[in-house]
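Keep the sequence and the structure open beside you while you work through them.

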Amino acid sequence: MSVSSFSRNIVSHLDSSPGTSAALFVSGLVGTLAFMSLMALILIYVERKVAAHFQCRLGPMRVGWHGILQSVADALKLILKEDIVPFSADKLMHATAPVFAVVAMLLTLIAIPLSSSLTLADSNIGVLYISAVSGLGVLGILLGGWSSNNKWSLIGAMRAGAQIISYELSATLSVLVIIMLSGSLKLSTIIQSQANGWWIWRAPGVGLIAFITFIISSTAEINRTPFDLAEGESELTAGFHTEYSGMRFAFFFLAEYLNLFVVSALGATLFLGGWMPLHIGDQQGLFSGFNQVMDLIPEFVWFMLKTASLIFLSMWFRWTFPRLRVDQLMKLEWKILMPIGFLNLVLAALMTFFGFFFFATGRGF
Amino acid sequence: MNTVIVERPGTGNLVSRFFYGFKSLLIGMRLTFKYLSHPSTVVTQQYPENRKSLKLADRVRAQLKFEIDGEGYHKCTACHICEQQCPNASIHVIERKPSATGKPELDTFIWRLDSCTFCNLCVMVCPYQVLKMDATFESSVYDQKLLAYNLSPYAGPTSGVLMKIEDPEARKKMIEPRGQYAGPTALSGYPLAGISKKQFPETTHQGGHL
């Protein structure tokens, strides 16, 4: 599915007249790109600051107040930098790889509902779509490692490939739990199903286990520490993007940080209710006053707060945990996470069938 | 001798290892969160902005200095032990024998910062604790000649000998002041190994921070 045809599909859902569709398409594209660039700049700055303070350092302090313009300066540097392509590299593949990484990230980004009204593509197969196109990212990594014609790049890319494909299973198993509980693949329906409470606590035990599995496997999928074997500095210099510089490197960097955003946003959407405020029970229940107070906070703010806390959790992991060995990585997935995931799925199925979760209205959702 | 066998934590069956691992991860996260939430744990110093309030460890070795007491006297007897111990001949102790006493005393103490490896041997072997390593680290200058200089402020006997004499005027007669580049230094025209004889026109005796 190409970007344009997909975008046309989105737009046709919204409005059928061609003039408005084109305007919507352009504004959506511009909005997404602007959101993407801004988000990447903020995320990189925050990561550097948070990382520094986790390690008793100060981080960027020189460019602007407390280094606030550091990532802008870095972006300018990367844009102006010479783009070096290795002599024996496969030139075409070398140029395409970063594009794959960014496009895969961008395609997942458009399906994330930022609030009830701010959704670019609310497809009825949203979850399936996200897990499908996010798999494209590994193609960019593999291509980049292969075309660089460098053994470290290739080893890094192969590790990344093995890792992403393995952990995709656990991630999908944990997502399946939520799909089963909410009875839908559509992201907006999944969020609506959490109007009485978030799945992380509404499905006792099962939701929490699925959430932890999701956090671990999605950290592995986006190649972040403790699962950053693909670019382990001490072993592979920089892994698959060793031979990249300038804008192409910036593309990989951008994709890496926005993948973090996408994964955290997806986690927030599935387990923490997305843009849905914190509700306990329905509006007539015991906690209706509490629910009304929670409704005062705008949906977008709720979404951003949840996503930000998951991003912070990921950064916290990154700057605390040591890197795993390759065999430990595979053992964790195939011997521990996957059996737990399957067991959890069975439990979730029983729970859904008997309606054994908080605020269950009849069978299923 | 009894051997004490301590079981490694986190061994045993899979379940106990699993929970041990989980717990240890949480302990690590608690520690790093403490660093994040307490900005006072930051060790980074904003040099050169905080040049005035820079905190350096006592162990920093950046310059060799003489211990000078309140009167301006030192305890060096010119025994040459530091000179003998110096691994690359960065120290030259120049002594003199005044006709009045006939006993050798220190004239100038030439230290070459440019060849010194800051191994601290001279400080350790000094029998009278005359030498110390100082944390003044901004030592860069434009001419190598400025890096071989005299540490002793005067030529004369030790503070012990001087303080036996009550009259300050009599003490002053026993010592002669020595400048920073006095004695056989490159700036005074002495050939020193490794220092070019070429004189840069911009080089002056006042140049450098020393």
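**Exercise 1. A strand and its surroundings**

How many of the eight residues of β3(B) are buried?

*Solution.* A note before starting: the model is predicted.

Step 1. Apply the cut-off: a residue is buried if 20 or more other C-beta atoms lie within 10 Å of its own.

Step 2. By this test, seven of the eight residues of β3(B) are buried.

Step 3. Draw the conclusion: β3(B) is largely enclosed by the rest of the structure, because so much of the strand is buried.

**Exercise 2. The sheet in chain B**

Work out the strand order of the open sheet in chain B, and find which strands stand at the edges.

*Solution.* Step 1. Three strands make up this open sheet, in the order β2-β3-β5, and the pairing is antiparallel. As a reminder, strands of a sheet pair through backbone hydrogen bonds, either parallel or antiparallel.

Step 1. Look for strands with a single partner. These are β2 (91–96) and β5 (148–150) of chain B, so one side of each has no neighbour in the sheet.

Step 2. From one strand to the next, the twist averages 20 degrees.

Step 3. Now go through the pairs. β2(B) and β3(B) are joined in the antiparallel sense by six bridges, and Arg96(B) has Glu105(B) in β3(B) as its bridge partner.

Step 4. Strand β3 (residues 105–112) of chain B also pairs with β5(B), again antiparallel, over three bridges. Opposite Ile110(B) stands Asn150(B) in β5(B), while Trp111(B) has Tyr149(B) of β5(B) as its bridge partner.

**Exercise 3. Two helix pairs in chain A**

Classify the packing of α4(A) with α6(A), then that of α12(A) with α14(A).

*Solution.* Step 1. Begin with helix α4 (residues 91–109) and helix α6 (residues 136–147) of chain A: they pack at an angle of about 160 degrees, and their axes are 7 Å apart.

Step 1. Angles over 145 degrees count as roughly antiparallel, so α4(A) is roughly antiparallel to α6(A). The crossing of these two helices is left-handed.

Step 2. Find the residues that meet. On the α4(A) side they include Met93(A), Phe100(A) and Met105(A), and on the α6(A) side they include Leu136(A), Ile141(A) and Trp146(A). The residues of this contact divide into 12 nonpolar, six polar and no charged.

Step 3. Turn to helix α12 (residues 246–271) and helix α14 (residues 299–318) of chain A. Their axes come within 8 Å and cross at roughly 120 degrees.

Step 4. That angle makes α12(A) oblique to α14(A), and the crossing is right-handed.

Step 5. Among the residues in contact are Leu260(A), Phe261(A) and Ala265(A) of α12(A), together with Phe303(A), Lys306(A) and Leu310(A) of α14(A). By class, this contact has seven nonpolar, four polar and one charged residues.

**Exercise 4. Backbone details in the loops**

Which peptide bond is cis, with omega near 5 degrees? Also examine the phi values of Asn149(A) and Asn120(B).

*Solution.* Step 1. The cis peptide bond runs from Tyr47(B) to Pro48(B). Pro48(B) sits in the loop between α1 (14–37) and β1 (63–66) of chain B.

Step 1. Asn149(A) is not a glycine, yet its phi is positive, near 60 degrees. Its place is the loop between α6 and α7 (151–182) of chain A.

Step 2. Asn120(B), likewise not a glycine, has a positive phi of about 75 degrees. This residue belongs to the loop between β3 and α3 (121–125) of chain B.

Step 3. Assign the exposure of each. Asn149(A) is partly exposed, with 16 other C-beta atoms within 10 Å, and Asn120(B) is partly exposed too, with 14 C-beta neighbours inside 10 Å.

**Exercise 5. Where the chains touch**

How many residues of chain B are in contact with chain A, and how do they divide by class?

*Solution.* Step 1. The count is 12 residues of chain B, in contact with 12 residues of chain A.

Step 1. Sort the chain B side by class: seven residues are nonpolar, five are polar and none is charged.

Technical notes
Residues numbered from 1 in each chain as written. Chains lettered and ligands numbered in written order. Predicted model: local features only at pLDDT ≥ 70, side-chain atom pairs only at ≥ 80, totals over all residues. Axes fitted to C-alpha atoms, helices over the stretch in contact; angles between N-to-C directions. Helix = DSSP H or I, 4+ residues; strand = E, 2+ residues; numbered from the N terminus. Parallel < 35°, antiparallel > 145°, perpendicular 65-115°, else oblique. Left-handed = near helix turned anticlockwise from the far one by under 90°. Contact = placed C-beta atoms within 7 Å. Nonpolar A, V, L, I, M, F, W, Y, C, P; charged D, E, K, R; others polar. Pairing = 2+ DSSP bridges. Buried ≥ 20, exposed ≤ 12 C-beta atoms within 10 Å, placed from the backbone.
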